[in-house]
Amino acid sequence: MILTALFWLLLFILFYTYAGYGIVLWVLVGLKNLFVKKDKGSFDETFEPEVCLFVTAFNEKDYIKQKVENSFSLDYPKEKIQYVWVTDGSDDGTPDILQQYTELEVYHQPERRGKMHAMNRGMKFVKAPIVIFSDTNTILGRDSIKEIVRQFSNKRVGCVAGEKRIIEHDAESAAGAGEGLYWKLESWIKKHDAELNTAVGAVGELFAVRTALFEDVETDTILDDFIISLRIAQRGYKIAYSPEAYAQETASLNVKEELKRKVRIAAGGVQTIFRLKSLLNCFKYGLLTWQYISHKVLRWTVTPISLFLLYIVNFFIVLEDANWSPNDFYTIFFYIQTMCYYVALMGWYFENKKIRMKLFFAPYYFVMINYAAILGIIRYFKGHQSVNWEKSKRAA
């Protein structure tokens, strides 16, 4: 009885995290659109304030030219853009290359103290009322600034989350296939989160905040983008989602490189739960708390453990069933789970043999990111996660 109850609890957690929440969200947004009249006058299309394009860099000499040229090509009055670059510990010539561009304000510090320290330091030089954060290795869509600014014409909006897009190739690795699919699903959920109430966090590749709302963040923070955006939401402002404001980047070179990134993110997720523990108070934050737990907290904590524990519990249920039958539900479900893990294992095999079989890559990627989440939890509590990014190699 205990094993059976645990089985159904674990199955419910998995279903709700990966499908149920999205279904409930879709239904609620549909009902809202049906009964609540949209405020068509919430945007001022003539709103065109000064903005700051803010980039932090550590040893990014290979991406600087591409990023700077992309920044200068964005469709927004150039005289209204302040370009701020903050380099923290770069020793590969990054600061020298940046100094060649007179339009840029470059603030270099020889000592490497982490991205969040660089952001806190660089924000003191921002003059514009809106600051747009972006990573060096990403390419922004031409209309990204316009789309972000449009959202800020609504005074309720304190932060705007852009969309992250993975550049896909026909002959891509498991990391590329899995990461591309992951971000498409994530974007769909984020879009519906924002339509219902507010997006739950932003991605560092592209997000923006009102400069006046930025507050210094603890310098050992791992997920700076998430902490900054959610603390603004805690103050009653909306995190808008703008899919037409997007940042493109290539996928990780392989699953090993993607695993490093996911472990760090998972460790940062656990840190975030402690840093934003007040956000778990549904009596204070209501709908935002439900969104936060459903979209993020479960993924960072119990769901990855539930995935692997479900297989073990299912195995013992089948093993202890005196009336074992191949037609029994638990037996059939155990076979299904076994087959899924076998497909994931084949994905691992094909990845290592550099055989491009996309059908096997998605299950492999799914198992990998849940495994990475567990490693991230362990790493956080062991205190082994550095605040400094260990760069993952990217596909060409």
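**Basis.** I worked from a predicted model, in which local features need pLDDT of at least 70, side-chain atom pairs count only at pLDDT 80 or more, and totals for chains, interfaces and linings use all residues. Residues are numbered from 1 along each chain as its sequence is written, and side-chain values use heavy atoms, with hydrogens and water left out.

**Strand 4.** I asked how many residues of strand 4 are buried. Six of the six residues in 130-135 are buried, that is, under 20% relative accessible area with a 1.4 Å probe, protein chains only. In a regular strand the side chains alternate between the two faces of the sheet. I noted Ile130, Ile132 and Ser134 on one side and Val131, Phe133 and Asp135 on the other.

**Its neighbours.** Strand 1 (residues 51-57) runs parallel to strand 4, with six bridges; leucine 53 stands opposite isoleucine 132. Strand 7 (residues 206-210) pairs with strand 4 in the antiparallel sense over five bridges, and valine 131 faces valine 209 there.

**Strands 6 and 8.** I saw that strand 6 (residues 157-167) and strand 8 (residues 238-250) run parallel, joined by 10 bridges. Alanine 161 has tyrosine 241 of strand 8 as its bridge partner.

Conventions:
Buried < 20%, exposed > 50% of the residue type's maximum accessible area, 1.4 Å probe, protein only. Helix = DSSP H or I, 4+ residues; strand = E, 2+ residues; numbered from the N terminus. Pairing = 2+ DSSP bridges.
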